[in-house]
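Thanks for coming. I will take one model, start with its strands, and then go through some contacts and backbone angles.

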Amino acid sequence: MEIGGMVPDSERIGSGSMFIPDVDIFEDDNSLVIIADMPGVGPDDIDIQLENNQLRLYGRVNFSPTTNYLLSEYGTGDFFRTFTLPSQIDQNGIKATIKDGVLRVFLPKSEHLQLRNIPVRT
């Protein structure tokens, strides 16, 4: 499925526990934004790589069981997601933040694709 020119690729499942974060992708006038829920993940637990229009999210979700859970539905273990970026993305401007367990990856559109107003003169 293509989303705003971005194609989510298949997730790789390796040995052991694998966590596949849910993502939302939206587009505004200037960028595409990936939002991924990652409770318990900090900036040191995430590795984001870009190679040949492939954006890869790697990491690990660790919960140290300090309590006996009666039910646990949060994904834990390693995670891996990859997306094929459209050629219109300014790859040098990509930024990522994580706050309160939510990863946001900002993918700015190339300047010539951004919406801009043209002044009308008399």
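Helices (H or I, at least four residues) and strands (E, at least two) are DSSP runs, numbered from the N terminus. Arg60, for example, is found in strand 6. Before going on, note that this is a predicted model, in which local features need pLDDT of at least 70, side-chain atom pairs count only at pLDDT 80 or more, and totals for chains, interfaces and linings use all residues. Residues are numbered from 1 along each chain as its sequence is written, and side-chain values use heavy atoms, with hydrogens and water left out.

First, the overall picture. The protein chain has zero helices and nine strands, so in order from the N terminus the elements read β-β-β-β-β-β-β-β-β by the DSSP runs. Buried means under 20% relative accessible area, exposed over 50%, and partly exposed in between, with a 1.4 Å probe and protein chains only. On that scale, 30% of the 122 residues are buried. Accessible areas come from the Shrake-Rupley method with a 1.4 Å probe, and for residues only the protein chains shown count as cover. The protein chain exposes about 8400 Å², of which carbon and sulfur atoms supply 46%. Contact means heavy atoms within 4.5 Å. Of the contacts with a separation of 6 or more, 57% come from residues 24 or more positions apart.

Now the core. A nonpolar core is a set of buried Ala, Val, Leu, Ile, Met, Phe, Trp, Tyr and Cys residues joined through side-chain atoms within 4.5 Å. Which members of the largest one touch the most other members? Among its 17 residues, they are Ile34, Met38, Phe79, Leu103, Val105 and Leu107. Two or more residues each come from strand 4 (31-37), strand 6 (54-61), strand 7 (77-84) and strand 9 (102-108). Take Val105: leaving aside neighbours within four places in sequence, Val105 is in contact with Leu32, Val33, Ile34, Ile48, Leu55, Leu57, Ile94, Lys95 and Ala96. As background, in soluble globular proteins nonpolar side chains tend to be buried together.

Next, strands 5 and 6. Two strands pair if DSSP finds at least two bridges between them. Strand 5 (residues 46-51) and strand 6 run antiparallel and are joined by six bridges. Ile46 stands opposite Gly59 in strand 6. The two strands form a hairpin with two residues between them.

For context, most residues other than glycine have a negative phi. Asn52 is found in the loop between strand 5 and strand 6, and at 68% relative accessibility Asn52 counts as exposed. Asn53 is in the loop between strand 5 and strand 6 but is partly exposed, at 28%.

Gln54 is in strand 6 and is buried, at 19% relative accessibility. Thr82 lies in strand 7 and is buried as well, at 7%. Their side chains are joined by a polar contact of 3.3 Å. The side chain of Thr82 also reaches the backbone oxygen of Leu55 at 3.4 Å.

Back to Arg60, which is partly exposed, with a relative accessible area of 38%. Its side chain makes a polar contact of 2.7 Å with the side chain of Asp78. Not counting residues up to four places away in sequence, Arg60 touches Val41, Asp45, Gly77, Asp78 and Phe79. Arg60 and Met38 are 22 residues apart in sequence, with C-alpha atoms 9.5 Å apart.

Last, the rings. Rings of Phe, Tyr and Trp (its six-membered ring) pair if their centres lie within 6.5 Å; planes under 30 degrees apart count as stacked, over 60 as edge-to-face and the rest as tilted. The structure holds one aromatic pair. Tyr58 and Phe80 form it, tilted, at 4.9 Å centre to centre and 50 degrees between the planes. Tyr58 lies in strand 6 and Phe80 in strand 7, so the pair ties together parts 22 residues apart in sequence. Tyr58 is partly exposed, at 23%, whereas Phe80 is buried, at 7%.

Conventions: Polar contact = N/O pair within 3.5 Å; in protein donor to acceptor, adjacent residues only side chain to side chain.
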